[in-house]
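Have the viewer open while you read.

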Amino acid sequence: MKRFAALFMLLTLLCGGVSAKAEEPREAAMKQHFLQLADEVTVTEDSVIFTDAVSAQPMEIKKTPGRTAILYGSLVTLWVEAGGRADGIVGGSSAAELYDTVIGRDISQDAGVTVLAENSAGKSWSTESIVAFRPDVIICSTAMSGYKTIAGPAAAAGIPVIAVDYNDFADYLKWFKVFCHLNDRADLWDGVAVSALDEVVDIICRTPGNRKQGPKVFSVFEGTGSTLAANTSATVIGAMIAQLGGVNIADGGGTNGVEHISINLEAVYAADPDLIVIQGHGGAQTQNVYGGNAVWQVLRAVKSGRVVDLDPSLFHNKPNRRFSEAYRTLAEMLYPEMDFD
């Protein structure tokens, strides 16, 4: 979360009222910031050395590991994008939908692929089955108790575990670098990751929001059931809004790093946002809760038709190589008068 705040301050300084002559130094500084985590990854002839989400010291993994077990859906898609073959993976309907959306097919049905768990929730895993699969390396997330569940049994069996904390674009760049080099596909670093970086930085620097008061945005998160909350700038979508120069109305009272806060419709009315973006389940929950509310109906964004249901493949799932598309899509919402193509 501190990284989001630091990047926002950097962008404010770099993009605020700077002449065209300073464009290249500004872009260079921004790229350096996004690449900070990736630059900490060391690649040798035979291995990749990096710090994962739990290790106090860097870990070293040999390139082209044999059998892999990847126990989080979005990490499966990232591994495949980075040139890898996933041998043991998470299955189930949610994962199948994710694989079909991101990879283009449900790879759990591919020949030679073993489904080791029916979902990414670690508490439901059979650790005995995962260890019996005899992977050479396990890749899992720190979310949903994944790492906590598998770390002990894997250590007892002598299987290295890579714990991944993947939240934002800087994390994407780091883990893409780790994965593409583990898969001995160094060519993908420039062809995919650096290309996405160039596009993201270009989009951010073209927005006018950091040079003047940007558009006010209300970002709604639709959770499980009928849960609704406001995204602060400590979330991925909230950070992107700030980076693009938008003013997140959920940050008005100071959130101290909290990702989601309860929605106070009176406060939303007082802020009167220019744009409302809904992350989650297609906007149905938001419409059910607020659609008939008189206060909601008089909001500027509602009256002007600027209430947008965000594409889940870009803003709910990890967009991976499509991060630049996500940034461009959001920039076009914030500044409909501008062309970001």
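## The model

First, a caveat: this is a predicted model, so local features are taken up at a pLDDT of at least 70, while side-chain atom pairs need 80 or more.

## Helix α3, tucked away

Start with α3, which runs over residues 73–81. Eight of its nine residues are buried, so α3 is largely enclosed by the rest of the structure. The buried set is made up of Gly73, Ser74, Leu75, Val76, Thr77, Leu78, Trp79 and Glu81. Just past the end of α3 comes Gly83, with a positive phi of about 90°.

## How α3 meets α7

One partner of α3 is α7, residues 169–182; the two axes come within 8 Å and cross at roughly 55°. An angle between 35 and 65 degrees falls in the oblique class, so α3 counts as oblique to α7. The crossing of this pair is right-handed.

Which residues of α3 and α7 make the contact? From α3 it's Leu75, Leu78, Trp79 and Glu81, and from α7 it's Tyr172, Trp175, Phe176, Phe179 and Leu182. Sorted by class, that gives eight nonpolar residues, one charged and no polar ones. The contact residues Leu75, Leu78, Trp79 and Glu81 of α3 also turn up in the list of buried α3 residues.

As for the spacing along a helix, an α-helix has 3.6 residues a turn, so residues three or four places apart point the same way. With that in mind, have a look at Tyr172, Trp175, Phe176 and Phe179, which are among the α7 residues in the contact.

## The α8 and α15 pair

Now move along to α8 (residues 187–206) and α15 (residues 323–334), whose axes lie 8 Å apart at an angle of about 15°. Angles under 35 degrees count as roughly parallel, and α8 and α15 are therefore roughly parallel to each other. Their crossing is left-handed.

On the α8 side, the contact uses Ala196, Glu199, Val200, Ile203 and Ile204, while α15 brings Phe323, Ser324, Tyr327, Arg328 and Ala331. The class count here is seven nonpolar, one polar and two charged residues.

## Loops worth a click

Two non-glycine residues have a positive phi: Thr64, near 45°, and Arg134, near 60°. Thr64 sits in the loop between β3 (59–62) and β4 (68–70). Arg134 belongs to the loop that joins α5 (127–132) to β7 (137–141). Is Arg134 buried or exposed? Its relative accessibility is 67%, so Arg134 counts as exposed.

Asp87 is another loop residue, placed between α3 and β5 (88–90). Asp87 has a relative accessibility of 13% and so counts as buried, the cut-off being under 20%. Setting aside neighbours within four places in sequence, Asp87 is in contact with Gly66, Arg67, Thr68, Gly112, Val113, Thr114 and Phe133. Ala193 is another matter: Asp87 and Ala193 are 106 residues apart in sequence, and their C-alpha atoms are 24 Å apart in space.

## Cysteines

How many disulfides does a search of the whole structure find? The search comes back with zero. Two cysteines to look at are Cys140, which counts as buried at 0% relative accessibility, and Cys180, which is buried with a relative accessible area of 0%.

Key: Residues numbered from 1 in each chain as written. Heavy atoms only, no water. Axes fitted to C-alpha atoms, helices over the stretch in contact; angles between N-to-C directions. Helix = DSSP H or I, 4+ residues; strand = E, 2+ residues; numbered from the N terminus. Parallel < 35°, antiparallel > 145°, perpendicular 65-115°, else oblique. Left-handed = near helix turned anticlockwise from the far one by under 90°. Contact = heavy atoms within 4.5 Å. Nonpolar A, V, L, I, M, F, W, Y, C, P; charged D, E, K, R; others polar. Disulfide = S-S within 2.5 Å. Buried < 20%, exposed > 50% of the residue type's maximum accessible area, 1.4 Å probe, protein only.
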